[in-house]
Amino acid sequence: MYKVDLSADPKEVAAIEARRNREKERQSRFFNVQTRVMGVDVKALNSQVEERKLREATEQSKEAAYGTYQKQYDLVAQMLEKEQAERTRRLAKKLQKFREQKQQLKSSREFDLWNSSQLWMEFPACLGHSDPPCGPASLQCFAGEDLERATYLKMQQEQFRNGLERQLQEQRQVRADEKCTDMLNDQLRLAMDMRAAQLAKLEESCRVAMMSATASANKAQAAELAERQRHEWQHEQEANFMEIQNQITSDLLTENPQVAQHPMAPHRVLPYCWKGMTPEQRAAIRKVQEVQYHEKEAQRQADQAQDAKWESQNFCLAQATMELEEQERELCAEFQRGLGSFNQQLDKEQKAQQNYLNSIIYTNQPTAQYYLQFNTSSR
């Protein structure tokens, strides 16, 4: 058999449910009187315009404040760049001065690789009896003998003293430079802190000014709105008063029936000025209504008489119908009885005929020769 209890497709069910929910939401939005507004809400549009103007003014003030802050930050950055450039220039100047004073070629202790006559310049041509070029063959210098040891020791001490003084001077210069650098850094940090404090004060003053300007603008807008509402209310009151006065003094609230007559056609009335019917018109209408009432009553009585006749006739027809139905039932019963007796008589005759056939006619059984003879005759 066919399966008729199959479950529906979940996607199709979900789509149908989503469409049903959207339709319900749309109907609730359309038929909700609280949220449906006919026409245009002028007050809401005006409030939106005022809010947009206030938002634009606030954005403009913020942009102006941001521009002021940007200018101040640019000035601070330029000042810091100038201070850094001045500091770099002073350090370069001091380094150049130090090189010119303390790093001269005559006081350098490094060997000049590019000077090929350096070794010849260190040993003059003639040094006297202690001339180093004079070897043992000159009988002037012997192994183990040092005739100028005191001079060498003095020169070494002088060189050592000069090196120590130079190192001390370099250390003092380095400490002075570090002290000057620290002082410049402190001054720079102090200047930056002072500038940051000034910027913070300026920012706070700008913020206070912006807040005061916003508050004053809000107050001005509130006062303007209140004044406009007062003017609108006053104008509305004056319009209502004029309308009441016009209604009182005009023919709209009077009982003069002549006001409703058409100036060109006296038999016609003006619908917007019609004050009602006159007593004569009402009396004529009542008279016509009474005549209609009597006619209606006579018609009702005639209808009632006709309905009574129809009811009596229907009653007679019903009785005749019942009598005919009774006669029909009796005839049907008599017919059924005659039909039953006739069927019994036919049954008896059929049984007698069958007994006659079985007992007299069909007593001899045919033999095979009969069937053979029958077949040959048929050929």
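I take helices (H or I, at least four residues) and strands (E, at least two) as DSSP runs, numbered from the N terminus. On that basis I get six helices and zero strands in the protein chain, in the order α-α-α-α-α-α along the sequence.

Ground rules: this is a predicted model, where local features need pLDDT of at least 70, side-chain atom pairs count only at pLDDT 80 or more, and totals for chains, interfaces and linings use all residues. Residues are numbered from 1 along each chain as its sequence is written, and side-chain values use heavy atoms, with hydrogens and water left out.

How much of the chain is buried? I find 5% of the 379 residues buried, meaning under 20% relative accessible area (1.4 Å probe, protein chains only).

Next I checked H4, residues 149-249. Its 101 residues should span 150 Å at 1.5 Å a residue, and the end C-alpha atoms are 146 Å apart, which agrees; the expected span is 1.5 Å times one less than the number of residues. Buried in H4 are Gly163, Cys180, Thr181, Leu184, Asn185, Leu199 and Cys206.

I zoomed in on Thr181, which sits in H4. Its side chain reaches the backbone oxygen of Asp177 at 2.7 Å. Beyond neighbours within four places in sequence, Thr181 is in contact (heavy atoms within 4.5 Å) with Arg87 and Leu91.

Last, the largest pocket. I count as a pocket an open set of points on a 1 Å grid over the protein atoms alone, where a 1.4 Å probe fits, with protein on both sides within 12 Å along at least five of seven lines; lining residues have an atom within 4 Å of a point. Its volume, the space filled by probe spheres set on the points, is about 340 Å³. Of its 13 lining residues, Lys43, Asn46, Leu225, Arg228 and Gln229 are closest to the centre. H2 (42-102) and H4 each supply at least two lining residues, and H4 gives the most, with eight.

Terms used. Polar contact = N/O pair within 3.5 Å; in protein donor to acceptor, adjacent residues only side chain to side chain. Buried < 20%, exposed > 50% of the residue type's maximum accessible area, 1.4 Å probe, protein only.
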